[in-house]
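Please read them with the model open.

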Amino acid sequence: METTASLIVLLIVTGLWMWLPKAGIRAVVPDLRARGRNLFKSLHTSVGTVISLFLLLFVLSGLSWSGIWGAQFVQPWASFPAEKSWKNIPLSDRTHASMNHAGHQDVAWGMEQVPMPASGSDAGAAGVSDRVTLDTVSAWAVENGFSGQYKISIPQDEAGVFTVMAEVRNEDGVMPWEDRTTHLDQYTGNVLADIHYAEYSLMAKAMACPVTSRIGSIRLWSGRVLSFCWPKPGGHEVKTDRLIPNPPQGLRQRTRSYGTTRIWWEPSGAARALGFSVVELDETRLTWSRREAEKLNRELAQAQRNGRRTARAPGGRTIEALIEQYRKSLAFTELAPKTQDSYSGHFRLIVEKWGASAVRDFTKPVMRAWYETLYRTKSDHMAIAQIRAMSLLFSHAEMIGWRAEGTNPCLRLKMKTPKPRKRAASWDEVDLLVATADRIGLPSVGTAILLSLLQGQRQTDVFSATAGDFEPRLVQEGGKPRTRVQWTFTRSKRGNSGALWLHSEVQGRVLSVLDGVNDPARRLLRDELTGADYDDELFGRRFRKVRDEAVAADKQGKLTGLSRLQFRDLRRTFGILSRSGGATKDDTGDVLGNSAASNPQLANTYMPSQLDTASRAVEAIRRPMKPKRRA
């Protein structure tokens, strides 16, 4: 296309060069005194000359969008001088062209190759005073001169900025000399740059009008004619002068500069807080558009009464509806109960934030911006957990046809991997905790502490163990009989099985509990204060009680970090002690359940190798030998 346009320019310029010197004034003024064929010949030449001048302007303006003449020559020369104009403003590696969407040019032509400002400094003038969100940026824009239609681009990465644009090229209904682009720091809300048409270079100003005239945006007769003769890519839009009389609340309608009508429903700030967003309606179906606006108003009224927006039923395809679909699927129902509870907690938070949002409307920039918000306001672990839960939902949306294959917006967000927790318990801390549990009448907690520390199992698997899971056996060791207790269990998180010989330091406590218990289904550990079986909440309270009492008993303050010890740290401590005692990584992995395990009925029959290798890791744990005193 660029070659064709260049040849047209060559033909016009050479034709005018050969014709104008010879024709003189007759080139543009017809000879009306002529008659017959001579009159038509004179009209043809003069009209052709004038049209060729307009055609030359039209083709040259089109070349400004081309890949060589425009992008390599005209644009770099005519671009806004950011380095000179934005003093003390950090610049990004991105250019304004990065805000263009596929197949659509959103950014002013003279700004496309200009570097973007970067967030993360104290530079700029005062802007958004509240927490910087999409809503506060939009409110700031309205208060500071943006009216009618404008667009807001959200940050694409950590250095990204909020950008408010009203561009004629963007079909925002303004004249070229009303172009405005404003950048706001995503952290401080400061105005980093505010560019108007008056600040464009002379060449950018000269190109702005022809470019917009070419697409029919400028409100001139020539632009209308040219846009009619050469329609914009994508075909003609259906023109309509019919506007909805007495529109429902929130319904907006505007006639675009090139003749078509935009109709949409726009929520108020309070409605946005309840989860409502802008809904585009159909200018060719006015009755349907009115009904949709009225339906949205009814949903808004109900949300205001309930304090939150409820998802539209099955066909709504909102995030809340997607969560309900996922809960009914095998992918969720076959998960372990503890995993289901964990996901349900994340889903509740997701519904509060996104419940009424349409599944198809989510993009990678939206998910990246939410991740960064969670990272700054919550924690790195919470941010990753919420994004992973959303990714699970979007993968399910692809499975049931609510999103196209391969469009999960949570993939490859370049999230920061949080530093793993490395806290491990010392023997002094363990001894004090067990002694304190026995002293205050909670020996079950002391037994649970030793089972997790010496057997390497999770909290849920420890307090959920039944008496039937523990089987005393008589084994031969060194030619002598010895009673050992075998613990066979199924891990709650992974669903795989394991079997271990109990460590000698915890075996005696388990045997004392088993003594006199005739019901194999009875829980090994029960709350001494209530007689109830433990659950996560009750056991957590009892462990914290033991820990707090142990901290109070540490009169000399030698165990300063004990107050920060968590029950899950005991499992990590097992891995450290086992490896330092000489156990291999594979043996320790068998205990922790990180390697694939078989599913036996009896460990000594169906998985003797696992029982032996896992028990090697358990037996590798030894208390450090105290140095003997010299006589």
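Q: How many bridges join strand E4 to strand E5?
A: The model is predicted. In it, E5 covers residues 180-185 and runs antiparallel to E4. The number of bridges that join E4 to E5 is six.

Q: Which residue in E4 stands opposite Lys151?
A: Strand E3 spans residues 151-153, and its run relative to E4 is antiparallel. Three bridges join E3 to E4. The residue of E4 that stands opposite Lys151 is Met165.

Q: How many of the residues of strand E4 are buried?
A: Buried means under 20% relative accessible area. Strand E4 (residues 161-166) is mostly covered, and the count of buried residues is six of six.

Q: What distance does helix H9 reach from its first C-alpha to its last?
A: H9 runs over residues 286-306, which makes 21 residues. At 1.5 Å a residue, the expected reach is 30 Å, and the model comes close to this. From first C-alpha to last, H9 reaches 30 Å.

Q: Within what arc do the buried residues of H9 fall, seen down its axis?
A: The buried residues of H9 are Leu286, Ser289, Glu292, Ala293, Leu296, Asn297, Glu299, Leu300 and Ala303. They line one face of the helix, because seen down the axis of H9 they fall within an arc of 165 degrees.

Q: Which residues on the other side of H9 are exposed?
A: To count as exposed, a residue needs over 50% relative accessible area. On the other side of H9, the exposed residues are Thr287, Arg298 and Arg305.
The helix is followed by Gly307, with a positive phi near 85 degrees. To name the exposed residues again, they are Thr287, Arg298 and Arg305.

Q: How far apart in space are Phe276 and Glu299, C-alpha to C-alpha?
A: Phe276 sits in the loop between helix H8 (269-273) and strand E9 (279-280). Phe276 is buried, with a relative accessible area of 4%, and Glu299 is one of the buried residues of H9. The two are 23 residues apart in sequence, and their C-alpha to C-alpha distance is 9.4 Å.

Q: Is Arg412 buried or exposed?
A: Arg412 is in the loop between H14 and helix H15 (427-439). Its phi is positive, about 55 degrees, although Arg412 is not a glycine. The relative accessibility is 68%, so Arg412 counts as exposed.

Q: What is the relative accessibility of Lys414?
A: Lys414 also has its place in the loop between H14 and H15. Phi of Lys414 is positive, near 55 degrees, in a residue other than glycine. Lys414 counts as exposed because its relative accessibility is 75%.

Q: How many charged residues are in the lining of the second largest pocket?
A: The second largest pocket has a volume of about 1,600 Å³. Of its 37 lining residues, the closest to the centre are Lys338, Ser342, Arg458, Lys493 and Arg568. Elements that give two or more residues to this lining include helix H12 (337-354), helix H14 (380-399) and helix H20 (568-580). By class, the lining has eleven nonpolar and twelve polar residues, and the number of charged ones is 14.

Note on methods:
Residues numbered from 1 in each chain as written. Predicted model: local features only at pLDDT ≥ 70, side-chain atom pairs only at ≥ 80, totals over all residues. Heavy atoms only, no water. 1 Å grid on protein atoms, 1.4 Å probe; cavity = no way out; pocket = protein on both sides within 12 Å on 5 of 7 lines; lining within 4 Å. Points joined across faces, edges and corners; volume = space filled by probe spheres on them. Helix = DSSP H or I, 4+ residues; strand = E, 2+ residues; numbered from the N terminus. Nonpolar A, V, L, I, M, F, W, Y, C, P; charged D, E, K, R; others polar. Expected span 1.5 Å × (residues − 1). Buried < 20%, exposed > 50% of the residue type's maximum accessible area, 1.4 Å probe, protein only. Arc of directions from axis to C-beta. Pairing = 2+ DSSP bridges.
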